[in-house]
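Hi everyone, and thanks for making time for this one.

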Amino acid sequence: MANRTDSDAPKRGLFSRKPKAEKPSKANKQPGRLKQIGQVFQMTRRNDPNVVWFMLLAFLGIVAVGLAVGLLINNWITLLIISIPLGLLAATFILSRRAERAAFSQIEGQPGASGAALSVLRRGWILQDQPVAVNPRTQDAVFRAVGRPGIVLVTEGPSHRVRQLVESERRRMRRILPNVKIHVIETGRGEGQVELSKVAKTVQKLKKELTKQEVSAVDKRLQALGSSKLPIPKGVDPFKARPDRKAMRGR
């Protein structure tokens, strides 16, 4: 049987209607904005019951201030109308902050959590989805980010165990990038360590030392260097931990 070509297909008339595009199924349909906020709120409240009181306090505090100012200038209706959306905005901001902490608390202790903490960095950073150094036996790992402050290595695992991985990675990078600053951040709750929810903020505070062009050049050299990952047992992929992206978008 001959194959049907485009010329054999029925042609649409000049004034005929365009065929309707298929509607996405309910299973594939993305939840609306309000539903997303509701899901984020429920997730946050399960991990942080006090979030309701913080949101309520922020909303009522701003409305009360607006109302007080309105009474002083004898125009409380206008100030009340202005303060209500501002109060809702403040409550939403608090929800987004507490949601981020709740999202990280859910993945804390899981393999790949440090990489997930780096994944929320803003643009301007070049990130590696997989660790650049990993010990498959202990699942200790080192993740890397390249930006204007230089190279940032974020560790995952106890300090005494992960130190060897970090030093090995430092030596490899020093051979090809001797003048680029290398920062090391240890994740955890111990002394000198940084909590997952504060990793991105800590990285953003680092002093900028490279231009955008230099960042790209550094990344290209590192890509050519490759990684020092030890072989991972077949079928094991322990670095898939990611925070709830809906919570991240709540900001």
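Let's begin with strand β1, residues 126–127, which pairs with β3 in the antiparallel sense over two bridges. If you look at Leu127, you'll find it standing opposite Ala145 in β3. Before I go on, please keep in mind that this is a predicted model.

Now, β3 has other partners too. Strand β2, residues 133–135, also pairs with β3 in the antiparallel sense, over three bridges. Here Val134 has Ala141 of β3 as its bridge partner. The hairpin of β2 and β3 has four residues between the strands, and Gln139 takes a positive phi near 65° there.

Then comes β4. It runs antiparallel to β3, and seven bridges join the two. Val146 has Ile151 in β4 as its bridge partner, and the hairpin that β3 and β4 form has two residues between them.

The largest nonpolar core has 21 residues, and Leu118, Leu121, Val152, Val199 and Val203 touch the most other members. At least two residues of this core come from each of α3 (76–107), α4 (113–118), β3 (140–147), β4 (150–156) and α6 (196–204). Take Val203: leaving aside residues up to four places away in sequence, it touches Leu118, Leu121, Trp125, Val152 and Ile185. There is also a second, separate core of 17 residues, with Leu153, Val162, Leu177 and Leu222 among them.

Finally, let's visit helix α2, residues 51–72. Its 22 residues reach 32 Å from the first C-alpha to the last, close to the 32 Å expected at 1.5 Å a residue. Which residues of α2 are buried? They are Val51, Met55, Ala58, Val63, Gly66 and Gly70. Seen down the axis of α2, these buried residues fall within an arc of 110°, so they line one face of the helix. They pack against α1 (33–47) and α3. The face turned away from that buried side carries exposed residues: Trp53, Leu57, Val65, Leu71 and Leu72. And just after α2, Asn74 takes a positive phi of about 60°.

Note on methods. Residues numbered from 1 in each chain as written. Predicted model: local features only at pLDDT ≥ 70, side-chain atom pairs only at ≥ 80, totals over all residues. Heavy atoms only, no water. Core = buried A, V, L, I, M, F, W, Y, C linked by side-chain atoms within 4.5 Å. Buried < 20%, exposed > 50% of the residue type's maximum accessible area, 1.4 Å probe, protein only. Contact = heavy atoms within 4.5 Å. Expected span 1.5 Å × (residues − 1). Arc of directions from axis to C-beta. Pairing = 2+ DSSP bridges.
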